[in-house]
Amino acid sequence: MKRRSLIKAFTLTASIAAMGLTWTVQAAETIKVGILHSLSGTMAISETSLKDMALMTIDEINAKGGVNGKMLEAVVVDPASNWPLFAEKGRQLLTQDKVAVVFGCWTSVSRKSVLPVFEELNGLLFYPVQYEGEEMSPNVFYTGAAPNQQAIPAVEYLMSEEGGSAKRFFLLGTDYVYPRTTNKILRAFLQSKGVADKDIEEVYTPFGHSDYQTIVANIKKFSAGGKTAVISTVNGDSNVPFYKELANQGLKATEVPVVAFSVGEEELRGIDTKPLVGNLAAWNYFQSVENPVNAKFVADWKAYAKAKNLPGADKAVTNDPMEATYVGIHMWAQAVEKAKSTDVDKVREALAGQTFAAPSGYTLTMDKTNHHLHKPVMIGEIQSDGQFSVVWQTEGPIRAQPWSPYIPGNDKKPDHAVKSN
Amino acid sequence: MNQPLMLTAAQKAGPKVTIAVGVVILAVLLALPLLSLLPADSALHVSAYTLTLVGKILCYAIVALALDLVWGYAGMLSLGHGLFFALGGYAMGMYLMRQASGEGLPAFMTFLSWTELPWYWVGTEHFLWALCLVVLAPGLLALAFGFFAFRSRIKGVYFSIMTQALTFAGMLLFFRNETGFGGNNGFTNFRSILGFGITEPGTRAVLFLATVLLLVASLYIGWRLAQSKFGRVLTALRDAENRLMFCGYDPRGFKLFVWVLSAVLCGLAGALYVPQVGIINPSEMSPTNSIEAAVWVALGGRGTLIGPLLGAGVVNGMKSWFTVAFPEYWLFFLGALFIIVTLYLPKGIIGLLKKKGEQ
Amino acid sequence: MPTALHRLILACLLLLPLAAHAGDAEDFLAANPTQQAKLLQDWAAQPDPARVELINSLQQGQLTVNGETKTVRLNNRLRGLINNVQASQQLLATEPKVRLAAAQQLQKSATPAQLKFLDQQLANEADDDVHSALSLALANLQLVDSDPAVRLAAVRLLGDTGDPLARTRLEALLAPGVEADAAVHTAAETSLAQVKRKLLVGEMLGQAFSGMSLGSILLLAALGLAITFGLLGVINMAHGEMLMLGAYSTYVVQLLMQRYVPQAIEFYPLIALPVAFFVTAGIGMVLERTVIRHLYGRPLETLLATWGISLMLIQLVRLVFGAQNVEVANPAWLSGGVQVLPNLVLPYNRIVIIAFALCVVVLTWLLLNKTRLGLNVRAVTQNRNMAACCGVPTGRVDMLAFGLGSGIAGLGGVALSQIGNVGPDLGQSYIIDSFLVVVLGGVGQLAGSVMAAFGLGIANKILEPQIGAVLGKILILALIILFIQKRPQGLFALKGRVID
Amino acid sequence: MRITPTAEFMLEPVLDPNKDAGSSRDAIGLGQAAGKGLNTRHGTILTLEDISVSFDGFKALNDLNLYIGVGELRCIIGPNGAGKTTLMDVITGKTRPSHGKAWFGETLDLTSMSEVQIAQAGIGRKFQKPTVFEALSVFENLELAQKTDKSVWASLRARLSGEQKDRIDEVLDTIRLTASVQRPAGLLSHGQKQFLEIGMLLMQDPQLLLLDEPVAGMTDAETEFTAELFKRLAGKHSLMVVEHDMGFVGSIADHVTVLHQGSVLAEGSLEQVQENERVIEVYLGR
């Protein structure tokens, strides 16, 4: 009978102790940096490489002597693709491990989950993935694209003569907040360009949807009515069945091009790219971009993957969110140097207007007020080797509009970060 | 089979020790929120992180207990209890969202360009109505499902598969943005509850205390049920339903009662879970979560009241530790736990302890 | 061979003024994209046999200038135009098949600039099929002809097609204020009705086919479970992982064949079938002997234990192959589809999977009903003790039956790898559907499972266009729950005295 | 296992069982033969007419007619597969006949009642294989069977009155299980389980008892005792006993029905049916 109490007491203490134990042994003169990416569960596919990229960048900074003379020390936790766990682990990083900054999150829901924690404890989060906007927290820096840095230029391209002068648009997405918001913005944008409502079709599928027969048949039917483009915000796993069905039902990219906002090099790795060739993707960075910074970046990554023996290291690729992670960490380090402190308020101030020569070939600037990067937009065509060839790009970086002017009511939102509560 | 010898032995030695241990644990649980109110530099200070983590595990323990009532006592393995848990959580979340959005619509609705609240949101700004919903939503769903299921005598495996399909359907429904519950993002960014800031240490402490009280109340209800003739009818139902019918008992009513009770307890647990962890979204309804709850019960020992609590604590405690120490091996461990418990520990940890206590 | 001669003479006449242009490739390379498009449009209006080489290499994205091969950056617009030029060129080919394909391409892509050329070609076309295809291509352009008689003929011709494009064109013609001639207007209305009817037929057939296809996939996913759950009574939650392992076996076979016998890579799915069967059957038998055999008669316990097994298998695959999806490519004979109607293409992989599913059902039925093993399996599942007394080695039979169920799941995995992702989570997305199929069909009833799978597939596909994929699925789940109320034993239930 | 459309789902019992049970007790303590609310004007407690049941074309019962009088002790015999257990299933509502009438007393239509309603109306059944609640003690088994308000709410508040406890002790004594009163029923021997199940029937106090092979697995002494018990019950209760043990049948029955291939082959005293040509043919396989 006593054992029962022992076990119970043990579990209690063990669970409490476990929280504090992660990194108790540490050198005195380091700056702790939290990494909050899922290493297990459904999102591990995408997020694991961001964790590795963050570690590589930290190594790189440390090799150059660290920040303010202190080494960076990574604290890696695994929120296991479980949204409440993101908030729990975020709190752990900020209160137990007392990290100076956190790099992490992929899905919007995970960011929404940790946001109250960061605002409550005045933490600092760098979010590296393209997203739907509609948010501007003083405790978050967004290094991925806002909708106007990805979706709108892509549609403008499709409407141009060179892009095929599309007249009708099939907006296909997985049913969650990013596709919904993006499509809402696109619809308003298309309407402002004189596209009638009957020429815009909006369809959503559930997560993990794998049977695209009906939808492809509908696209075919829709495309008979005029030059059509499909704008896909279909989420990761569903892309393979979608593209396979497209190809097998005889819809070619020359007739109905598909432009995707969630398909990058990492997603193409390990899928049969034959059916996708010729289709498009819009990002702010492609691995195939040719410039010296990128050449070094890609080479470093490949070497790092090999050295650390990461799974699939022989086929290691870089992609947009990885570049955004890389840029984010460097910018933060520069800002800490400038502020001569890791104090969140000082770093935030120092980050405004910070610049960095990024692998995309442009010098990116952190906006003075809105916590987003100015980024260039590129349209890439999928090649059979899983890489993209850039067919179009903006002349220079464009400023993010997290509060899209195409969503009613946003004109009243301030153009600087304010806490949500 | 329970050995009479063992029963008497446990009866003789049991109460004192059990009560003593129980009182100690209860005292610790009651002390935790008070300690969390101490200044942060105090040696005895309990961090908000620890408090919410333990609070979360306590909510899970209530779910385990509720599941044990239907599985351990009445023999119906539900693989859909996550649905009731989530419904309770969503009902509470509706209130919290209304609190956060003030006079206007919750943010996700303006984003869908809705201009007015859907009918099922009416009244959710009142805490009392939200509390009613916490009970009614899972309760009525359980009543409707149970009514049909028990009427046509769906039991055993079929019942498990049907409940699994039910929670799966619920998950798909709540993932849809048009359903009006925030889709994949669910509800988050809560601000206040009854006018108190949700991040205030005081609010946290009170929520934690409420969870402890609910747990104690659930234990008391479970204990009273197990002691009553109702509890014996449930056991009879589990072992020989036909015999019971020919004795003149209508099993449907008994099943329905315990099923709805269990669902309501889950709903209440969910309602306390949401303000503590700060988010509710449809993944709580995924069939995986509900199956995991079955393992808490099986590991702890089904058909006992303490077992499920123990199981929920052990598995979740290990999860917190394993996912930090060896994230890659957590699933191996959990899988092995499933197999070992079913093969070698049919009575769970409690059974093991009893056996040891007897020797 | 007067026609061939005619064509040659005509071609020569036509192209005389252009023959001098040897520098087409240089022109193209020097031009900006807009000019390139213009060039291609000109070439399409006046095809030149001398450009065949040029166009062919352009399609590959390359151009040869002065013996030097250069890569041309193309975009989708240019590729479309190149295809159109290609079709124009091919109309001059001697092979009727090539001309037919070209004419069909031109039905979609011809531009008014090509009108004159097409007119000439039509006049000289001897082959009936090509002639009618070409006249259709022409009819599309003639809708805006100034002569009402020509327009009338074109409209009538379009009415005979079931082409979705014809519908759009006719609708455009019928828009108010476009067509002045009353006769043409009426004819257009009749033609439009005709086209719509044909399109509807195509749509219905398409829906039926996609329902069948989804049904066959559900069937393949559920068939193994119909044995492990239906006959042995094991709630095999690891069934989905057997599908996943089958798909991974396919991946490994593909990888090995790529490395060692690249010449036969086209047929890797055929090799993968037996491999997947024996791999999953073997794993299934090991599991049966080590874990499941202790749990017969305790179905809920098998549920928990097999769930544990499934977690471990998923994590094992993650560690071995990585969390990423792996690449399983369709071989050429499983890519593309057959065009049945203008608006109906049946993909080869789906056709093959439907046939394969039916084959597997027939084989399973034969195995269970016509062989000694099947007899033993049925005996053991009906009365274990009695069968043991009759000298049936129950342990061995259990093991073989479980192996059979797992093996069939492995076969299903090979098929699934040809239509979707192959990743560690593959099985998870099929497990609930599989159970519903087996329960709905009636446990232990092979025929029931077949009916249930196809029924669910078709119902799903009928509901999806009406209310969307999610609501459709929820509605079907609700209907199943209600159906089970009415018939707790499923579609095909054995009646009998209930034994307590 | 079809559901009749009229079967309603109820938390409360439809037919209020006799409240004044036990007011007129006899030696073993069963109530009067035909309880209140059951109309047995014509002296028959059970009327089966033209009952047919078929399973996938196989006719388990074929136009069967059977009448059991109030207070009668009827034995049903017949070779395997004659439809004896199916007959009991029909009476207790477990199997629905494809056609035919089944009346309990003059007013209760068994074909439209659920199993629970039938049990509450006063038909008790003992299964072929002894079925008791194995995880519960002997005492608790009897307590559950006791004739009382069996609704959910009542069970939540139930307390045993002194009278009820006495009643349980009485039956314990009758079935000779007083010594094992706290043992879990699962640990009883086969014969003891048989007696416990009979004891539960006694607690239930039905007007018609259906007993499926009650003496299987009993010692000779136990069988003898059972025969005595049944004879004492008859008269005040109606009994229908299915049995293979001809010795046992001979010792208790005054009236025997022989079933064959789903219908009644012969009826009468044991001697009469044993001399019946067709019965001999069926039993001896000539």
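**Chain C and its neighbours in a predicted model**

Student: What radius of gyration does chain C have, beside that of a compact globule of 500 residues?
Tutor: The radius of gyration is taken over C-alpha atoms, and the globule rule is 2.2 Å times the number of residues to the power 0.38. A compact globule of 500 residues would come near 23 Å, whereas chain C has 30 Å.

This is a predicted model, in which local features need pLDDT of at least 70 and side-chain atom pairs count only at pLDDT 80 or more, while totals for chains, interfaces and linings use all residues. Residues are numbered from 1 along each chain as its sequence is written, and chains are lettered from A and ligands numbered from 1 in the order in which they are written.

Student: How many of the 23 residues of H14(C) are buried?
Tutor: Helices (H or I, at least four residues) and strands (E, at least two) are DSSP runs, numbered from the N terminus, and H14 of chain C covers residues 299-321. A residue is buried if 20 or more other C-beta atoms, placed from the backbone, lie within 10 Å of its own. H14(C) is mostly covered, and the number of its buried residues is 18.

Student: Which helix gives the largest share of the side of chain C that touches chain A?
Tutor: Two residues are in contact if their C-beta atoms, placed from the backbone, lie within 7 Å, and this contact takes 43 residues from chain C and 41 residues from chain A. Several elements of chain C each supply at least two residues, including helix H3 (33-45), helix H5 (76-90) and strand E3 (337-341). The largest share, five residues, comes from H5(C).

Student: Which helix gives the most to the side of chain B that touches chain A?
Tutor: Here the contact takes 44 residues from chain B and 44 residues from chain A. Among the elements of chain B that give two or more residues are helix H1 (4-36), helix H2 (48-73) and helix H12 (306-325). With eight residues, the helix that gives the most is H12(B).

How values were computed: The expected span of a helix is 1.5 Å times one less than its number of residues. A residue is buried if 20 or more other C-beta atoms lie within 10 Å of its own, exposed if 12 or fewer, and partly exposed in between; C-beta atoms are placed from the backbone.
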